[in-house]
Amino acid sequence: MSEDKPSYPQTALRDMRDAIAKALAVMRAKGPSQIQFWFIALLIGIASGFAALLFRKGINWLQGAIYGTEDLSQLHSFASDLPWYWVLSVPVMGGLVVGVILNWFTPDGRVRSVADVIEGAALNEGRVERRAGWASAAASLVTLSTGGSTGREGPVVHLAAVISTWVSNRLHANGVTGRDLLGCAVAAAVSASFNAPIAGTLFALEVVLRHFAVHAFAPIAIAAAAGTVINRLEFGDVTEFTLVAEGALTFYVELPAFLLLGLVCGLVAAMMMRAIFMADDFGTWAQARLGIPPLFRPAIAGLMLGLLAIAFPHIIGVGYETTSMALTGQLLLWQAIVFTVLKVMAVAITMAGRMGGGVFSPALMVGALTGLSFGLIATSIFPDISGTATLYALAGMGAVAAAVLGAPISTTLIVFELTGDWQTGLAVMVAVSLSTALASRLVDRSFFLTLLERRGVHLAAGPQAYLLATVRVHQCYRKSDAPRAAPEDACRELINQGIYVSPNATLEKVMPMFDQHNLVFIPVVTLREELGPDLHGAVFQVDALRKFNAALAATAAEEHS
């Protein structure tokens, strides 16, 4: 006689008991280490929050000593009353200091930025350059205090990444942990800058880590909250901009106007990014053609900024005063259009001059001016069914910034956290979606990814493209004395034809060689000046593909964990 099968309630009870036992086992095995990691994330969030706070205070102090005001929101008003020669000379002096800092403490005289943080997350196990990072923070501090027309959020993000890199090195963290710690630092820095913890969390996931893995969310959220608390302890629970009372949105009738605004903002964002890249190319060409030492490149850019600032002091510094004027409708149509063009020019000059700073705040200013211009025209044509022009300024601010940063989700949330109004948030979301979609077709998805693409770092195409650059030949080749090694005679013949790679070469270089020469293996050699090439073995196509597939699998596992 067969035994009676357990009833459904008994089976369910047994499964539940087994699940609880497994959960307790996981908590005993991994709980303490997980709690320890969250504690480290909290400490990184606090450190990054203080870094953002000190950077901001440093700009205020130095700016107050030079221009006579520590208030970023009143800079251009004070600059308007200064002698013209002071307005002209301050950016030049700042450029000279920046040139000295960058040429002494960086190998290439280039300011590190958010793009380098993204590259560090993808290709360097969550690490960035520390020495060059500190120098870049100092250079950006001087730039933003002496009239440079960029933003402070980019330098703060990289400064926070330097902090997380130090922690990762001390802990000997692997790639996954290093990237998580980097995300914590970035989230805290952005949250402290904007008093926006939700947006800071999603910015780290969306822009820097470029995935939304569940395992990374908790520590990053903890760090973002810590950064926000640091900001609020100093400045209180206030937003970066003071907005007018919410405007009426004639909801369904007016939404098509925000769709059109999104397309306009996408074009403006693309033109802004292309202007920066074109100015940088021209600056590099002129520097080489005229034999200008790299030390003086920032000073020349400072001279150009000073000349602009004599007539238009609105382009000096971060631009929060002009942004606030746009958001509160204090500008005329011609002023909004002219200031938009001048700000794009000033940002292009500053960044082409390698002076330092980021593009976040300039994008907000250009977007607010673009939105206000659009809103003033739209509300004058359809006054009976339109809201306020300031609502368009708010939507434009989010739309241009989202397109430049490649961050539609976090940028929408930043604007939403500034207003707290869901109807405004929906209008911004509509504009952001179209601006991002359009601009991403005109550049390589965002300003940061396009900047990396110009350096030969192919992150925009996804892991299947950039992971080849993370695997080196010495990780997957077969030595000459290994089983199933490549025949030495065949290797020597290929070497004589000039077909070989070094052990430190990446698969990004090797894989096209297999297709180009239709080979099964490629010799791996070290070149010696007198003795000729030293043969180590050969890298087989099948081994390279196996290693590449393993890297893809590891990336997919991290993104879905």
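An α-helix has 3.6 residues a turn, so residues three or four places apart point the same way. H9 has 22 residues and reaches 32 Å from its first C-alpha to its last, close to the 32 Å expected at 1.5 Å a residue, the expected span being 1.5 Å times one less than the number of residues. Just after H9, select glycine 236, which takes a positive phi of about 85°.

This is a predicted model, in which local features need pLDDT of at least 70, side-chain atom pairs count only at pLDDT 80 or more, and totals for chains, interfaces and linings use all residues. Residues are numbered from 1 along each chain as its sequence is written, and side-chain values use heavy atoms, with hydrogens and water left out.

Colour next by pLDDT, the predictor's confidence in each residue from 0 to 100: the mean for the protein is 86, and 87% of its residues reach 70 or more.

Move to helix H14 (residues 360-381), of which 18 of the 22 residues are buried.

Now show the open sheet of 3 strands, whose order is E1-E3-E2 with antiparallel pairing; two strands pair if DSSP finds at least two bridges between them. Its edge strands, each pairing on one side only, are E1 (478-479) and E2 (521-528). E1 is joined to E3 (residues 532-540) by 2 bridges, and arginine 478 stands opposite alanine 538 in E3. Helix H20 (residues 488-496) packs on the sheet, touching E2 and E3, where contact means heavy atoms within 4.5 Å.

Finally, select isoleucine 522, which touches Ile499, Tyr500, Val501, Val510, Met513, Phe514, Gly537, Ala538 and Val539, not counting residues up to four places away in sequence. Ile522 is also among the residues that touch the most other members in the largest nonpolar core, of 145 residues, such a core being a set of buried Ala, Val, Leu, Ile, Met, Phe, Trp, Tyr and Cys residues joined through side-chain atoms within 4.5 Å.

Conventions: Helices (H or I, at least four residues) and strands (E, at least two) are DSSP runs, numbered from the N terminus. Axes are lines fitted to C-alpha atoms, for helices over the stretch in contact, and angles run from 0 to 180 degrees between N-to-C directions. Buried means under 20% relative accessible area, exposed over 50%, partly exposed in between (1.4 Å probe, protein chains only).
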